[in-house]
Amino acid sequence: MKKILFSLIAFLIFSSGVDAQKITPSKWSWALSKPNPAVGETVDIIFTIKSDKTWHHFATDFDEGGPIITTVKFKPNDSYELVGKLKSINPIKKKDEVFEVNVAYFEGKGEIRQSVKILKDKAIIEGTHDGQACSDATGQCVPIKGAFKLEAKAGSNSDSEKKKATTKPKTK
């Protein structure tokens with residue numbers, strides 16, 4: 001009985017100390033290019049990605065067969081419509097030696113944009129982002145996932161509605 005009790009106590013002590021460290025080398029934020037656009041106006045959603053030193057975050061458009069390409073999925077609703085495709089702004093482009101394909105990525109800070117047309121006085125734009133960040137120093141790569149939500153009221157000038165939203169990305 002003492003052995004079972006000792007084993008149980010030891011298991012609880014050691015298992016509580018074993019907690020996987022979450023690595024979040026890329027942080028996302030987002031804002032509208034114009035905080036309170038008019039109905040019928042087309043504006044950009046500006047996604048900003050800040051990566052830790054020695055890390056890079058892959059962009060939205062490069063050859064398949066390599067690392068995870070960053071994607072953004074939008075939850076459809078009738079207050080907005082997508083215009084065109086998701087665009088990476090000035091990523092670094094090169095041939096990846098490991099995957100042997102051309103890739104595009106951001107170091108330090110990167111920007112991705114999606115144009116949307118506002119269809120209602122109160123537009124709610126939400127969805128998820130999914131991508132990958134890798135370290136040049138350690139060779140480690142981690143998935144970066146998260147959710148976003150933007151609200152815009154046509155003609156509103158409230159400071160609270162102009163705030164940029166941020167979230168902590170989920171990693172596996």
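Modeller: A polar contact is a pair of N or O atoms within 3.5 Å; within protein, one must be able to donate a hydrogen and the other to accept it, and residues adjacent in sequence count only if both atoms are side-chain atoms. This is a predicted model, in which local features need pLDDT of at least 70 and side-chain atom pairs count only at pLDDT 80 or more, while totals for chains, interfaces and linings use all residues. Residues are numbered from 1 along each chain as its sequence is written, and side-chain values use heavy atoms, with hydrogens and water left out.

Biologist: What makes the pair S88 and T60 a polar contact?

Modeller: The side chains of S88 and T60 approach to 2.7 Å, and the limit is 3.5 Å, so the pair qualifies.

Biologist: Why is S88 called buried?

Modeller: Buried means under 20% relative accessible area, exposed over 50%, and partly exposed in between, with a 1.4 Å probe and protein chains only. S88 has 12% relative accessibility and therefore counts as buried. Contact means heavy atoms within 4.5 Å; beyond four places in sequence, S88 touches A59, T60, D61, F106, E111 and I112.

Biologist: Where is S88 found?

Modeller: S88 lies in strand 5, residues 80-89. Helices (H or I, at least four residues) and strands (E, at least two) are DSSP runs, numbered from the N terminus. The protein chain has 1 helix and 11 strands, in the order α-β-β-β-β-β-β-β-β-β-β-β.

Biologist: How do you know that strand 5 and strand 8 pair?

Modeller: Two strands pair if DSSP finds at least two bridges between them. Strand 5 and strand 8 share 7 bridges in the antiparallel sense, with E81 opposite K117 of strand 8. Strand 2 and strand 8 also pair in the antiparallel sense, over 9 bridges; there, K50 has K109 in strand 8 as its bridge partner.

Biologist: What makes a group of residues a nonpolar core?

Modeller: Such a core is a set of buried Ala, Val, Leu, Ile, Met, Phe, Trp, Tyr and Cys residues joined through side-chain atoms within 4.5 Å. The largest one here has 31 residues, of which W28, I45, F47, F74 and I125 touch the most other members. Elements giving two or more residues to this core include strand 1 (26-32), strand 2 (42-51) and strand 8 (109-118). Beyond four places in sequence, the contacts of I45 include F74, I112, V116, I125 and L150.
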